[in-house]
Amino acid sequence: MEKETPRELILKTLKEKSSMKQDVYANTLNAFLVLKKTAKEVTYELSKAVHKIDKRVEIEFKEKGEFEFELRVAGYLLIFAMHTNIFEFDKNHQIWKNSYIKEDHSRTFCGMINIYNFLNDSFKYNRVNDLGYVIGRIFINKENHYFVEGKRQLGFLYNDFVHSVIDEDAIKAVLESTILYCLNFDLYTPPFD
């Protein structure tokens with residue numbers, strides 16, 4: 001058997017890896033666009049309903065570019081940002097332990113959508129020293145399987161990578177869980193010292 005030339009190896013890698021990463025990117029972008037559309041719809045519905053209860057409570061959607069949008073929910077600001085690169089998981093990550101990955105290692109390559117939680121007033125009053133938190137990361141692979149690494153319910157409701165396929169219903173569920181999480185995120189008085 002003849003040894004492959006460097007050029008053949010380059011072309012083989014481009015065919016196998018780079019093309020697959022393009023598929024992952026396309027899946028992630030599609031999911032992000034659906035997430036953005038769903039966020040607009042949920043914002044409209046919630047805003048209309050909450051204004052009947054209390055006009056002071058604001059819920060607002062704001063587009064921040066192709067790969068980012070904001071949801072202002074009461075006193076919180078959720079930022080959703082799609083990373084434009086594709087990532088593979090560290091060999092120590094739990095994902096490597098399931099049969100779905102063992103069957104095809106390329107399934108570990110995922111696109112990522114980060115979810116951040118800030119206080120709305122931090123941005124409104126330009127308080128640059130206020131902290132924000134990453135509360136979730138949505139990972140999507142070449143087969144549209146997904147899972148969420150996240151705080152509380154975000155981390156355990158959406159972690160069945162083997163069986164979960166991203167679709168509009170899944171996206172809406174993750175979005176609503178994210179909103180509920182931030183609404184239940186209460187501030188603690190900082191230590192006096």
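Helix 1 (6–53) and strand 5 (133–140) each supply at least two residues of the lining of the largest cavity. The model is predicted, so local features need pLDDT of at least 70 and side-chain atom pairs count only at pLDDT 80 or more, while totals for chains, interfaces and linings use all residues. Residues are numbered from 1 along each chain as its sequence is written, and side-chain values use heavy atoms, with hydrogens and water left out.## The chain overall

The protein chain comes to five helices and six strands, where helices (H or I, at least four residues) and strands (E, at least two) are DSSP runs numbered from the N terminus. Walk along the sequence and the pattern reads α-β-β-β-α-β-α-β-β-α-α. The C-alpha trace spans about 75 × 45 × 30 Å along its principal axes.

Of the 193 residues, 41% are buried. Buried means under 20% relative accessible area, exposed over 50%, and partly exposed in between (1.4 Å probe, protein chains only). Take the contacts (heavy atoms within 4.5 Å) between residues at least 6 apart in sequence: 57% of them join residues at least 24 apart.

## Cavity and pocket

Both spaces come from a 1 Å grid over the protein atoms alone: a cavity is a set of points where a 1.4 Å probe fits but cannot get out, a pocket is an open set with protein on both sides within 12 Å along at least five of seven lines, and lining residues have an atom within 4 Å of a point. Grid points are joined across faces, edges and corners, and a volume is the space filled by probe spheres set on the points. For the classes, Ala, Val, Leu, Ile, Met, Phe, Trp, Tyr, Cys and Pro count as nonpolar, Asp, Glu, Lys and Arg as charged, and the others, Gly among them, as polar.

| Space | Volume | Lining by class |
|---|---|---|
| Largest cavity | about 30 Å³ | seven nonpolar, no polar, no charged residues |
| Largest pocket | about 240 Å³ | eight nonpolar, one polar, two charged residues |

A search of the whole structure turns up one cavity of 30 Å³ or more. The largest cavity has A31, L35, I113, I138, I140, I166 and I171 around it.

As for the largest pocket, its lining is made of Y76, N117, F118, L119, D130, L131, Y133, F185, D186, L187 and Y188. Strand 4 (residues 111–119) gives the largest share, three residues.

N117 is worth a visit here, as it sits in strand 4. With 2% relative accessibility, N117 counts as buried. Leaving out residues up to four places away in sequence, N117 touches Y76, L77, L78, G132, Y133, I135, C182 and F185.

## Helix 5

At the N-terminal end, D167 caps helix 5, with a side-chain oxygen 3.2 Å from the backbone nitrogen of D169. Within helix 5, the buried residues are A170, I171, V174, L175, S177, T178, I179, Y181 and C182.

## Two loop residues with positive phi

Most residues other than glycine have a negative phi. A74, not a glycine, has a positive phi of about 55°. A74 belongs to the loop between strand 2 (68–73) and strand 3 (76–82), and its relative accessible area of 34% makes it partly exposed.

N144 also has a positive phi, near 65°, in a residue other than glycine. You'll find N144 in the loop between strand 5 and strand 6 (146–150). At 22% relative accessibility, N144 counts as partly exposed.

Definitions and conventions. Polar contact = N/O pair within 3.5 Å; in protein donor to acceptor, adjacent residues only side chain to side chain.
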